[in-house]
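Keep the model open and follow along.

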Amino acid sequence: MTKRIYVDNAATTKVAPEVVEAMLPYFTEDYGNPSSIYNEGRTAKKAVENAREKVACAIGADPKEIYFTGSGSEADNWAIRSVARAYKDKGNHIITSAVEHHAILHTCQDLEKQGYEVTYLPVDEYGMVSAEDVKNAIKDNTILISIMFANNEIGTIMPIAEIGKIAKEAGVLFHTDAVQAVGNVPIDVKAMNIDMLSLTAHKFHGPKGSGALYVRSGVKLTSFITGGAQERMRRAGTENVPGIVGLGKAIEMATADIEAKQKKLTEIRDTYIKKVLERVPYSRLNGHPTQRLAGNANISFEFIEGEGLLLSLDMKGISASSGSACTSGSLDPSHVLLAIGLKHEQAHGSLRTSFGEDNTLEEVDYMVDSIAEIVDRLRQMSPLYEEMMKKN
Ligand SMILES: *Cc1c(COP(=O)(O)O)cnc(C)c1O
């Protein structure tokens, strides 16, 4: 096989050719500053507002409720820090979960240092937050609930509409990091009672460095970057016009036919999971068996190191992820895998594959053969495996 197999779409995706095409004129011809009043400026401004409409339309929001950001991480930071500041007279308690992205967790930890109180809800063995737990965690001083829409490591989809209803009834603001869900799961912020939502273009075939935060009108939003009057005085800095145009085009395409995409990816995912679990002994699926992102599979292999597996897969032309912080240079096992009850050794031997529309069932067969061969080879070198085989 000469073509590489890319199965790390949860990390980032290829920019769609149509998206590149939509962006190009804003680098070379329509390069005006949206704040300028002459022709080129007005053209750029129109493009930004057109993209804002597309983002709003994709999630059932109003265009004036969309604020462009430089990333999903920024949208997460902004949402949490803004509520903390704007509502500090009302209280200082935030509810989140143990399996959030670090953009949420590290922000909450930072706020704890500033005197805020944070509840990190545990999850069940599938990585699911219980809506009942959310309800029970609400106190008089609770100002925010932030629960991710779908988990980036194990793909579990959270009961967002239920949590939204609980938040609304309690009069507490509800933010969701929907970075993994946009384009993969239908989202309606009004029907789901979502007050704030983070998204980022590069997870659905848009450009990197272009995200957005939805903030329901009526919710107080503090300015994140002070300076010029961009983004209704909330985020200064000349707009990333090509990036914003790319985000608009990408979200329009990604949300056009979610059902067909889900169907295709679910077939690939489930074929992969079934074949790997059949072929490789001492392996298990992490995350919920059905309430999961269509493209996500996360499998733990006992007695091996995920890093060794990843490097060997890379040599065979396969790009996947260990689904843990190991990839970012830290040796700590994934906080998500620990939260669902895996032991450290199990968490270290995990492989996340996140499929995209370009993947095929033939690729799955090649992947399964490669994984079976590599896991077997790595186990032959493992003293723990040898010990276990002797005992049996
Ligand atoms: C990728 C990701 C982010 C961060 O988005 P960036 O645009 O890369 O900053 C945040 N949350 C989740 C769940 C993600 O998967």
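Start with helix H2. This helix spans residues 25–28, and Phe27 lies in it. The model is predicted, so read every value here as computed from that prediction.

Phe27 also belongs to a group. Together with Val20 and Leu24, Phe27 forms a nonpolar patch on the surface. The three residues have about 270 Å² of accessible area together. Each residue in such a patch has over 30% relative accessible area.

Now turn to the ligand. How many residues surround the ligand? There are 13. The closest are Gly72, Ser73, Asp177, Gln180 and Lys203.

Which helix gives the most to the shell around the ligand? Helix H4 does, with three residues. Helix H4 runs over residues 72–86. Sort the shell by class and polar residues number eight. Another three are charged, and two are nonpolar.

Next, look at individual side chains. Ser73 places a polar side-chain atom 2.6 Å from an oxygen atom of the ligand. In the side chain of Asp177, an N or O atom is 2.6 Å from a nitrogen atom of the ligand. His202 has an N or O atom in its side chain 2.9 Å from an oxygen atom of the ligand. As for cover, the ligand on its own has 380 Å² of accessible area, and the protein covers 88% of that.

Finally, step back to the whole chain. Its secondary structure comes to 15 helices and twelve strands. The C-alpha atoms fill a box of roughly 75 × 55 × 35 Å along the principal axes. What radius of gyration does the chain have? The value is 22 Å. A compact globule with 392 residues would have a radius of gyration near 21 Å, so the chain agrees with that expectation.

Notes:
Residues are numbered from 1 along each chain as its sequence is written. This is a predicted model: local features need pLDDT of at least 70, side-chain atom pairs count only at pLDDT 80 or more; totals for chains, interfaces and linings use all residues. Side-chain values use heavy atoms; hydrogens and water are left out. Patches are made of residues with over 30% relative accessible area and no salt bridge: like charges are joined within 9 Å, nonpolar side chains (Val, Leu, Ile, Met, Phe, Trp, Tyr) within 5 Å. Accessible areas come from the Shrake-Rupley method with a 1.4 Å probe; for residues, only the protein chains shown count as cover. A salt bridge is a side-chain nitrogen of Lys or Arg within 4 Å of a carboxyl oxygen of Asp or Glu. Helices (H or I, at least four residues) and strands (E, at least two) are DSSP runs, numbered from the N terminus. A residue is near a molecule or strand if one of its heavy atoms lies within 4 Å of it. A polar contact is a pair of N or O atoms within 3.5 Å; within protein, one must be able to donate a hydrogen and the other to accept it, and residues adjacent in sequence count only if both atoms are side-chain atoms. Ala, Val, Leu, Ile, Met, Phe, Trp, Tyr, Cys and Pro count as nonpolar, Asp, Glu, Lys and Arg as charged, and the others, Gly among them, as polar. The radius of gyration is taken over C-alpha atoms; the globule rule is 2.2 Å times the number of residues to the power 0.38.
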